[in-house]
There are 2 protein chains.
Amino acid sequence: MIKIVLIGSGNVAIHLASAFSKSTKIDLVQRFSRNNTNENYFDKNISVTNKVEDLLEADIYIIAISDKGISDFSKQLHFKKGLVVHTSGSMPLNALLCKANKGVLYPIQTFSKDQLIRFKNISFALETEKEEDFKLLEIIATILGDKAYKMDTLQRSKLHIAAVFANNFANHMFKIAYDICIENDFSFDILKPLIIETVKKIETLTPMEAQTGPAKRDDKIVIKKQASQLDSDKKEIYELLSSSISKAYN
Amino acid sequence: MIKIVLIGSGNVAIHLASAFSKSTKIDLVQRFSRNNTNENYFDKNISVTNKVEDLLEADIYIIAISDKGISDFSKQLHFKKGLVVHTSGSMPLNALLCKANKGVLYPIQTFSKDQLIRFKNISFALETEKEEDFKLLEIIATILGDKAYKMDTLQRSKLHIAAVFANNFANHMFKIAYDICIENDFSFDILKPLIIETVKKIETLTPMEAQTGPAKRDDKIVIKKQASQLDSDKKEIYELLSSSISKAYN
């Protein structure tokens, strides 16, 4: 059994803890949590501490806290045994200031507290300071998820940016579409088959091959007409993205 | 059997013709095609004409051509029998200048020539000038697809804008993510589980509930760091969308 101590109580920690509990190969020996905000999302049987000096011995310490807390927290870890990793896409490996060996276990996924994630479909980007630690991280990643990719800090930071476009920004497009539906008294459900197809397409086509619509056709009449129907915030986004698409295809 | 004449040879016409061929309740009696560009995408057994005066009698004439061609084409239709409809989201019903009754059959979907569409998952927005024609259009829509929504020209134009955000713009986010992957020597496949989850989420959460990421947290350090790593075109999009998300959630 791989002994794990999990630090943090946010969305990523909640989903990792839940996946660890289900694995027979992993022993989540302890959680560290500074506050009690999300306690009802965690298994009551796992011991919890809020004192760094009470941390138990483990093979791996997973710091799943906000980016800005990683350095300060890891600085307090004076032990040298075990592997200490963070889970951030955008923070470098050397944001970890502990004495033990360092690594990164970045789950390429979007975690919402109330949405069950099928970990089997998650990819991980992994990095370790020492080559000999990579195997352990790879084992954990494949126990948890689907695929594990070796990536250095620079590649991971680029991957994280790509993920922001693919997830956060794509979802924001759905949000604006949702708002337009509500403002005009029809249901967002009307658009769901279209959204599902949008994603189905990129299983077999590149996003470039999949693109359709007025901006791709550089149909200036439709673009102008549609832009004129939007409030100024949406209009600015509409015009910038239409011009970016027109530029890419024409 | 409902007799249909289909005008056009683009992506929408290709997919409609293919769906009509599979239905036992629809008789696609003729196609009208001005050019021969996509002929290999159509069933060879359907009679084709490029002369308006040779159009056969039908219950419904479906004009699936580019927006800007609709008025000019429909102007040439001097018959009074049958229903003439266009398939455009952004054109008004009265873009049709024919003498026969008018309607709109707008498939809320994205059509690429080489991508099979499961018509069963398509919604349609329908409009007719005369109440008595609505039933016929509704029958065709439900033979072809999933749900039919009655919408007037104004609502349909709003729906089309929402569809541009939900489909074209979301897909453009995937395209930018794709480009970042390629530029940094890793596969876009890494992001596919994330993209699938992005869409899965909105089956049970609103896009607003589903949002995560640095802009939602208004994490200015990450936003600044990520923006600085992008070329000027991507940076402009990154900054505008991050600020739009931050504004929406904070």
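How many residues apart are F165(A) and F169(A) in helix α4 of chain A? Select helix α4 (residues 153-183) of chain A and pick out both side chains: they are four residues apart, so about one helical turn separates them. Keep in mind as you click around that this is a predicted model.

Stay on that pair and look at the rings. The structure holds twelve aromatic pairs over all chains, and F165(A) with F169(A) is one of them: an edge-to-face pair, 4.9 Å centre to centre, with 85 degrees between the planes.

Now hop over to chain B and select Y61(B) and F79(B). This pair is tilted, because the ring centres sit 4.5 Å apart with the planes at 35 degrees. Y61(B) belongs to strand β4 (residues 60-63) of chain B, while F79(B) is in the loop between α2 (70-75) and β5 (83-86) of that chain, so the pair ties together parts that are 18 residues apart in sequence. Buried or exposed, what is Y61(B)? It's buried, at 3% relative accessibility. F79(B), on the other hand, is partly exposed, with a relative accessible area of 24%.

Next, a charge and a ring. Select K150(A) and F134(A): the charged end of the lysine sits over the ring, 4.6 Å from its centre. Then do likewise in chain B, where the charged end of K150(B) sits over the ring of F134(B), 4.6 Å from the ring centre.

Time for the cartoon view of chain A. Eight strands make an open sheet here, in the order β3-β2-β1-β4-β5-β6-β7-β8, with mixed pairing. Find the edges: β3 (48-49) and β8 (147-150) of chain A each pair on one side only. To see a bridge partner, select F32(A) and look across to T49(A) in β3(A).

Last stop: helix α1 (residues 11-22) of chain A. What does this helix lie across? Color β1 (2-7), β2, β4 (60-63) and β6 (101-108) of chain A and you'll have the answer, with the helix running at about 160 degrees to β1(A).

Definitions and conventions: Residues numbered from 1 in each chain as written. Chains lettered and ligands numbered in written order. Predicted model: local features only at pLDDT ≥ 70, side-chain atom pairs only at ≥ 80, totals over all residues. Heavy atoms only, no water. Phe/Tyr/Trp six-rings, centres within 6.5 Å; stacked < 30°, edge-to-face > 60°. Helix = DSSP H or I, 4+ residues; strand = E, 2+ residues; numbered from the N terminus. Buried < 20%, exposed > 50% of the residue type's maximum accessible area, 1.4 Å probe, protein only. Lys NZ or Arg CZ within 6 Å of the ring centre and 35° of its normal. Pairing = 2+ DSSP bridges. Contact = heavy atoms within 4.5 Å. Axes fitted to C-alpha atoms, helices over the stretch in contact; angles between N-to-C directions.
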